[in-house]
Amino acid sequence: MKRLASILFVLGVLLAPGAVEAQTQRTLDGFLAEANRIPFNATSALRPSAHRLKGETERAFGAVNREIRDARAGGRTPPACPPESISLNPRQLLNFLNGIPQERRQRMTVTDGIRAWMANRYPCPG
């Protein structure tokens, strides 16, 4: 019984809000090293690594969208000004992220990369 309680406690800590996000924060360079190995074809979506990368990308977009919403609500200039609905071409996104110098990518998170892409693609009016 003590062992079960210990396991449940550890799972609770690992699955607590924010814990999953903290575990998945890795450098943009590490993310791209894995993403660049996945081919662009229909069967690649079945790969566990592709599914994991998709989830990581979705969390990064969610974080940037929250930053934008919070900045607007606080009367501050957001990091980007995207329209309500955006179109995303994965190849163009990867090309942009790969274009960031590797020295910078090694210090950036995936969220930092998505923020840079959105700021580049959807800059706020001056």
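Trainee: Are F61 and W117 buried or exposed?
Mentor: Keep in mind that this is a predicted model. The cut-off for calling a residue buried is under 20% relative accessible area. F61 falls on that side, and W117 does too, so under this definition both count as buried.

Trainee: What geometry does the ring pair of F61 and W117 have?
Mentor: The ring centres sit 5.8 Å apart, with the planes at 80 degrees. Planes over 60 degrees apart get one particular label. So this pair is edge-to-face.

Trainee: How many residues apart in sequence are the parts that this pair ties together?
Mentor: Look at the helices: F61 belongs to α4, residues 48–73. W117 belongs to α7, residues 110–121. The pair therefore ties together parts whose separation in sequence is 56 residues.

Trainee: Which residues do the ring pairs link into a cluster?
Mentor: W117 also forms an edge-to-face pair with Y122, at 6.1 Å centre to centre and 85 degrees between the planes. Y122 is buried, like W117. The ring pairs thus link up a cluster of F61, W117 and Y122.

Trainee: Which element gives the most to the largest nonpolar core?
Mentor: That core has 22 residues, and L28, F31, I114 and M118 touch the most other members. Two or more residues come from each of α3, α4, α5 and α7. The top contributor, with 6 residues, is α4.

Trainee: And which residue lies over the face of F40?
Mentor: For an Arg, CZ has to be within 6 Å of the ring centre. Here the distance is 4.1 Å, and the residue over the F40 face is R91.

Conventions
Residues are numbered from 1 along each chain as its sequence is written. This is a predicted model: local features need pLDDT of at least 70, side-chain atom pairs count only at pLDDT 80 or more; totals for chains, interfaces and linings use all residues. Side-chain values use heavy atoms; hydrogens and water are left out. Rings of Phe, Tyr and Trp (its six-membered ring) pair if their centres lie within 6.5 Å; planes under 30 degrees apart count as stacked, over 60 as edge-to-face and the rest as tilted. Helices (H or I, at least four residues) and strands (E, at least two) are DSSP runs, numbered from the N terminus. Buried means under 20% relative accessible area, exposed over 50%, partly exposed in between (1.4 Å probe, protein chains only). A charge sits over a ring if NZ of Lys or CZ of Arg is within 6 Å of the ring centre and within 35 degrees of the ring normal. A nonpolar core is a set of buried Ala, Val, Leu, Ile, Met, Phe, Trp, Tyr and Cys residues joined through side-chain atoms within 4.5 Å.
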